[in-house]
Amino acid sequence: MIESPETARPPSTGSLRELQAAREIAHAFLRARAPGEVYNLALEKVVPLVGAAFASVFLRQPEDDLLRVVAVHNWPQAYASYLSEMRVRIGNGPTGRAVAENRVIEIFDVFADPALEDWWDAARELDYASSVSLPLVTHTEPAGAITFYFREPERLSEADRSLLRLVADQLAATAEKAYLIEDLQRANEKLREQNVELEARYREADEARRLKSEFLANVSHELRTPLTAILGFAYLLREGFSGALHGEQAASIARIESAANTLMVLINDLLDLTHLTLGRTTVEPEECDATALARAALSAARPSVVGAEVRTQAAPEPISVRTDPVHVLRILQNLISNAFKFTPNGQITIRVRKAPAASDDGSAEDGSVPAAAGGDVIWEIEDTGIGIAPTDQEAIFDEFRQVDGSATRRYGGTGLGLALSRALARRLGGDISVRSELGTGSVFSLCIPRQPAGASVASAPPEAPNGS
Ligand code: ADP
């Protein structure tokens with residue numbers, strides 16, 4: 001056995017070579033376009049650095065636990081075609097043992113060991129006399145091994161051994177990183193594709209929703225015309241334009257009118273909701289008094305027969321709000337008629353008050369005009385009626401949603417009122433919320449900014465001080 005010439009080197013040379021090897025591996029990592037290429041690029045630089053004649057990297061095949069060559073450097077040309085077919089059984093030969101035993105296997109002189117007689121022919125043909133196989137350990141198990149072949153019989157110096165170990169460890173870690181990056185890139189690419197697919201689906205769904213809304217708008221519109229005729233002729237009959245009606249006929253006409261009116265309300269709500277969904281609802285703000293709006297809504301929504309006692313609480317002076325009064329009236333009427341409907345007897349209280357804007361934390365960012373200057377108006381419709389269970393309190397704002405159960409079904413209605421009211425409130429820059437307790441009562445709050453978004457505070461008319 002020949003003593004390695006490296007033993008004569010000063011210790012600093014060993015460290016220098018280690019640094020150089022690490023640098024070459026890092027460089028290979030940066031240059032590789034695919035993870036497998038890291039090995040090839042690194043071997044090209046590292047093999048001469050460690051003084052080997054040639055080298056190969058074997059990786060474990062997950063399907064059959066055989067080792068397959070993934071990279072070689074300087075292998076004799078005659079063997080190049082054979083390499084892709086070559087498989088090494090784990091535990092077999094120096095490379096197979098390095099993987100099986102997870103340790104460095106050094107063969108100082110192939111020909112000096114009769115146990116290695118099987119390898120002599122190959123060693124002669126490939127022209128090597130010694131080899132070092134090192135496991136490539138990524139986690140706990142070796143993923144494969146790297147084998148360096150030397151022309152001369154050679155016993156490694158401690159510096160050589162440490163260099164080879166560093167090369168194997170660095171290569172294993174670097175290649176693993178490259179595979180991870182490739183996995184990540186593949187996952188990213190998949191995500192990107194899924195995203196494109198999702199976007200296409202979303203656009204399709206959006207288009208379908210728009211078509212459905214268009215269809216609803218058209219159908220509702222077309223339904224209104226014959227319904228108007230039904231109501232018109234029912235009115236003429238009721239008023240005796242076609243001759244006097246006897247008792248039963250009058251009762252039948254009244255039923256026709258009532259049913260047609262219910263249908264008209266449903267169609268109008270549906271049409272309005274559809275227009276809101278399609279973004280076709282216009283808002284025409286004007287200066288209004290919030291308390292006056294509440295009183296107007298109450299007189300329009302109050303049924304002819306009232307079981308509940310009603311009271312209004314508001315400051316004596318007007319509460320100005322710049323909004324679309326038609327939309328606000330519509331919302332308040334819905335909320336108030338619900339309060340009447342679900343409070344067969346008890347108390348209904350309508351409150352109107354000013355409040356700081358929900359988004360206003362009281363501190364303007366630049367110290368000038370606060371972001372939500374003007375604040376909100378809140379209308380509260382409180383009843384001591386049947387109340388709503390917590391689990392239903394969000395669902396009632398969905399289209400056609402009514403709290404289930406025979407108790408509420410007998411109150412009638414279409415289940416569109418709250419959906420429409422919330423959509424309108426949001427269109428005005430506000431919202432509706434509910435607090436309720438089953439069997440005790442509910443409070444529906446409509447909150448609207450006193451100035452429409454983007455309106456300047458200075459343009460608001462001066463207002464009397466508020467005592468509410
Ligand atoms: P409708 O009143 O026509 O059924 P809405 O959308 O206005 O439709 O209301 C949806 C459901 O919310 C009602 O059917 C009822 O179950 C519940 N609800 C609304 N307002 C009240 C209220 N003040 N008290 C109790 N339940 C209510």
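Residues are numbered from 1 along each chain as its sequence is written, and side-chain values use heavy atoms, with hydrogens and water left out. Because the model is predicted, local features need pLDDT of at least 70 and side-chain atom pairs count only at pLDDT 80 or more, while totals for chains, interfaces and linings use all residues.

**Helices 2 and 6**

Helices (H or I, at least four residues) and strands (E, at least two) are DSSP runs, numbered from the N terminus. Helix 6 covers residues 158-238. At 1.5 Å a residue, its 81 residues should span 120 Å, and the end C-alpha atoms are 114 Å apart, which agrees. The expected span is 1.5 Å times one less than the number of residues. After helix 6 comes Gly240, with a positive phi near 80 degrees.

Two packed helices are described by the angle between their axes and the distance between the axes. The axes of helix 2 (residues 37-50) and helix 6 come within 11 Å and cross at roughly 170 degrees. Axes are lines fitted to C-alpha atoms, for helices over the stretch in contact, and angles run from 0 to 180 degrees between N-to-C directions. The two helices are therefore roughly antiparallel (an angle over 145 degrees). Contact means heavy atoms within 4.5 Å. On the helix 2 side, the residues in contact include Val38, Tyr39 and Ala42, and on the helix 6 side they include Leu163, Leu164 and Val167. By class, this contact has 13 nonpolar, one polar and no charged residues. Here Ala, Val, Leu, Ile, Met, Phe, Trp, Tyr, Cys and Pro count as nonpolar, Asp, Glu, Lys and Arg as charged, and the others, Gly among them, as polar.

**Nonpolar cores**

A nonpolar core is a set of buried Ala, Val, Leu, Ile, Met, Phe, Trp, Tyr and Cys residues joined through side-chain atoms within 4.5 Å. Buried means under 20% relative accessible area, exposed over 50%, and partly exposed in between (1.4 Å probe, protein chains only).

The largest nonpolar core has 41 residues, and Ile331, Leu332, Ile336, Trp379, Phe444 and Leu446 touch the most other members. Among the elements that each supply at least two residues are helix 7 (247-277), helix 9 (325-341) and strand 15 (441-449). Helix 9 gives the most, with seven residues. A second, separate core of 34 residues includes Ala32, Leu134, Leu163 and Ala168.

**Single residues**

|---|---|---|
| Thr323 | 3% | buried |
| Ser213 | 6% | buried |
| Pro285 | 33% | partly exposed |
| Asp127 | 42% | partly exposed |

Thr323 lies in strand 11 (residues 320-323). Its contacts beyond four places in sequence include Glu284, Pro285 and Ile448. Pro285 is in the loop between helix 7 and strand 9 (286-289). Pro285 and Pro452 are 167 residues apart in sequence, but 7.7 Å apart in space, C-alpha to C-alpha. Ser213 belongs to helix 6 and is in contact with Thr274, Thr277 and Leu278, neighbours within four places in sequence aside.

Most residues other than glycine have a negative phi, and most peptide bonds are trans. Asp127, in the loop between helix 5 (120-126) and strand 6 (130-137), has a positive phi near 65 degrees. Asn74 also has a positive phi, of about 70 degrees, although it is not a glycine.

Note on methods
Angles under 35 degrees count as roughly parallel, over 145 as roughly antiparallel, 65 to 115 as roughly perpendicular and the rest as oblique.
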